[in-house]
Every structure is written in structure tokens, then in C-alpha cells.
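Work through the exercises below with the coordinates open. Each task is followed by a solution in steps.

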Amino acid sequence: MAEDKISLLKPYKMGEFNLSHRVVLAPLTRSRSYGNVPQPHAILYYSQRTTKGGLLITEATGVSNTAQGYPNTPGIWTKEQVEAWKPIVEAVHDKGGILFCQLWHVGRVSNYGYQPNGEAPISSTDKPISPQELHDDAIEEYSPPRRLSTEEIPLIINDFRLAARNSIEAGFDGVEIHGAHGYIIEQFMKDSVNDRTGEYGGSLENRCRFALKVVEAIADEIGAERVGIRLSPFADHMDCWDSNPMQLGLYLMQELNKYGILYCHMVEPRMSIADERRNIPHRLLPMRKAFTRTFIAAGGYDRDEGNDVVDEGYTDLVAYGRLFLSNPDLVKRFELNAALNKYNMFTFTTPHPVVGYTDYPLLDE
């Protein structure tokens, strides 16, 4: 019976969208879009994870040919890409799901090989990223970036705007701006990277100007009620951190409220290990209180902790990544409090169209 549902599985009205539960598919890079074009195998992947009235956010999707920094990630800047997304969106809609496209530009998290004509990656800065160790002990090297001139910045903002327009043309219900994890928007926002002077550097207001202009351009193009943003003020991915993450987060909330966007999706600080138990820091409350629309929390939640934070009003919705990746029927498993499949992180970004992608068993298998 409905009244027996845990808070995590109770309905929620997000703007014009009637969600049947609070469990969100987090954006997950899966590296299976050959030639930056979404593939037919993604139809099954997304539809497996769709529930009627459930919100799904796509894997990070490049806004232009300068936005790439990883193999086989999808884009939405060409007609071919838009057409390739259409059957994927349709499959989610056929099952009653709501699908947002996450718009992405990696900035300096790239190298010459991913860039048009082997050019330098673009960024707020010309400071390079130190080599990064990957989970399989490999070392990833990044090419030194080229600092964008002030005159070029509106062109990148326009790439985001056009990608948002293309997303609506592909049938998406809305877009999520990727403003997290050390990519181009954070390269402008965070003071460990942004060493500019002028209107896009220096003060907190100037460092956030690029992010807010992207929000404004997209909201003007497709309507604020179709726009969300993902932020990670506490993160330090890709040498990108801020000396005052709480101040950064609160300033962004205050400014985002002015645009009336649909939601803010925020990543918790990294979990700490204490008493052999994962401890989620729960540092997002001041931002949650400051933001006036739907708030989504992400970062290592399981069923019980996700339920607790919804129950307490700490967040409206909870985004799940690895658990949703390995449990296509995660919502049903949460409903039945059933055992979960274990994920295999070594197949997260294997380019295979099935292995580690659509072959995780459903409960009734």
C-alpha cells in the first residue's frame, strides 16, 4: 500500500514533472559511443533503468568538437548525434521515464589527440593538469591548455546554448549543465585553477560569471523550467579545488535562484572511512536551504542513507551512480529491500556494447 512506502519511494513534483519516486539515475560516463555518436546498444541500457515517473540523467555529453577528453563519449553538436539520441529518448519515454541530457565541456581535461586538428585544449588558464593515476594503475597525461581570450568566451557559451537546443530537438525533457568535477565550468569557478584578471577572473563573482552566463543562455533558449545544474564545490578532481567551497556553493545558490532553474544537483564531499563504515559528510545542508527549487544530493548513498536524507528534508531527490549501473532495476530492489548486484569497476568504461553495460541481471533473472 502507498502509505507503507519509504520516503525515498514517495512521489515528488519537480516543476511540471510528476516523479513517482526520489531515486535518480546519476550521469555516468560509459565510453560506448563510438566516434562520439550514441549507439543503438544505449537504447537497452537506458530503458533497462527506466521506471514510470523516474528521472534519468544521461552520461556527460559533449557540446562541441573541442569538448572531448575521453574515448567514445557521446556528443550533441551534430545532426547525426541528435538523430542517434532520438531512439534512446523515445525508449525512455515509452516506459514513462523522464530523461535529461547532461551537457559537458572538459576544458583542459584533454589532450591534443581529442582536439580538432590536434590543437591545445581550451580552458580558463594555461596551467596544465598534473598526470593523473587511473583506477587500473595507468597514468593519464594531459596536454597543456590554451587560455581562452575574453572575446572567445561567448563562443563557448553559445556552444552550450546550441547543445541545449539540440537536446530538445532530440526529444529530451531538459538538460543538466555539468558544472562539476574539474571540467571547464569549474576551471573558471575555482581559485586553484582560475588565474585570470578581468571580468572572468579574480573575485568570486567574476569566477562564477562563466557558469552563470551558460545558465542564462540555456534558460533563454529552452526555458528555465527545463534546466538543471550539477555542482561539486567540495571536490578536488583534476587539480581543481577552491579555497572556500562553502562560500562558493552559497554564492552560486543565491545567483541560480534568480534564474528560476528547475533543480540543483550537488555532490557531497568525499566520504570518509570511520569505524569500517562509509561516512557521508552531509555538508550540503546550507546550500540546500539557500536554493529555492528542487535539490538533488549525490555521493555514495545506499538505500537506507538515501531514505534518511529524504525523510529529514536534507534533499528532495537522491542520485545513484554505481548502484544503478549494476542494478538496472534498482528502484524495484529498493522497494522490496532486495539484495543488490555488486558492480565491477573494471568494466565501467569498457567499450563493449554488452559486457558491464546491459548484462547485469534483473531480480527475476
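A crossing is left-handed if the near helix is turned anticlockwise from the far one by less than a right angle, and right-handed if it is turned clockwise. The structure used here is a predicted model.

**Exercise 1.** Describe how helix α3 (residues 153-169) packs on α5.

Solution. Two packed helices are described by the angle between their axes and the distance between the axes. For α3 and α5 the angle is about 35 degrees, and the axes are 9 Å apart. By the definition above, α3 passes α5 in a right-handed crossing. On the α3 side, the residues in contact include I153, I156, I157 and F160. On the α5 side they include F210, K213, V214 and A217.

**Exercise 2.** Classify the aromatic pairs Y45 with Y357 and Y343 with F348.

Solution. A pair of aromatic rings is described by the distance of the centres and the angle of the planes. Centres must lie within 6.5 Å, and planes under 30 degrees apart count as stacked, over 60 as edge-to-face and the rest as tilted. By this rule there are 13 aromatic pairs. Y45 and Y357 have centres 4.3 Å apart and planes at 10 degrees, and are stacked. Y45 lies in helix α1 (residues 41-48) and Y357 in the segment after α10 (330-336), 312 residues apart. Both Y45 and Y357 are buried. Y343 and F348 are 5.7 Å apart, centre to centre, with 45 degrees between the planes, which makes the pair tilted.

**Exercise 3.** Is Y343 buried, partly exposed or exposed, and what of F348?

Solution. Buried means under 20% relative accessible area and exposed means over 50%. Y343 has 37%, so Y343 is partly exposed. F348 has 14%, so F348 is buried.

**Exercise 4.** Locate R283 and list its contacts.

Solution. R283 is in the loop between β15 (277-279) and α7 (285-290). At 39% relative accessibility, R283 is partly exposed. Not counting residues up to four places away in sequence, R283 touches F234, M246, E268, P269 and Y314.

Definitions and conventions. Residues numbered from 1 in each chain as written. Predicted model: local features only at pLDDT ≥ 70, side-chain atom pairs only at ≥ 80, totals over all residues. Heavy atoms only, no water. Phe/Tyr/Trp six-rings, centres within 6.5 Å; stacked < 30°, edge-to-face > 60°. Helix = DSSP H or I, 4+ residues; strand = E, 2+ residues; numbered from the N terminus. Buried < 20%, exposed > 50% of the residue type's maximum accessible area, 1.4 Å probe, protein only. Axes fitted to C-alpha atoms, helices over the stretch in contact; angles between N-to-C directions. Contact = heavy atoms within 4.5 Å.
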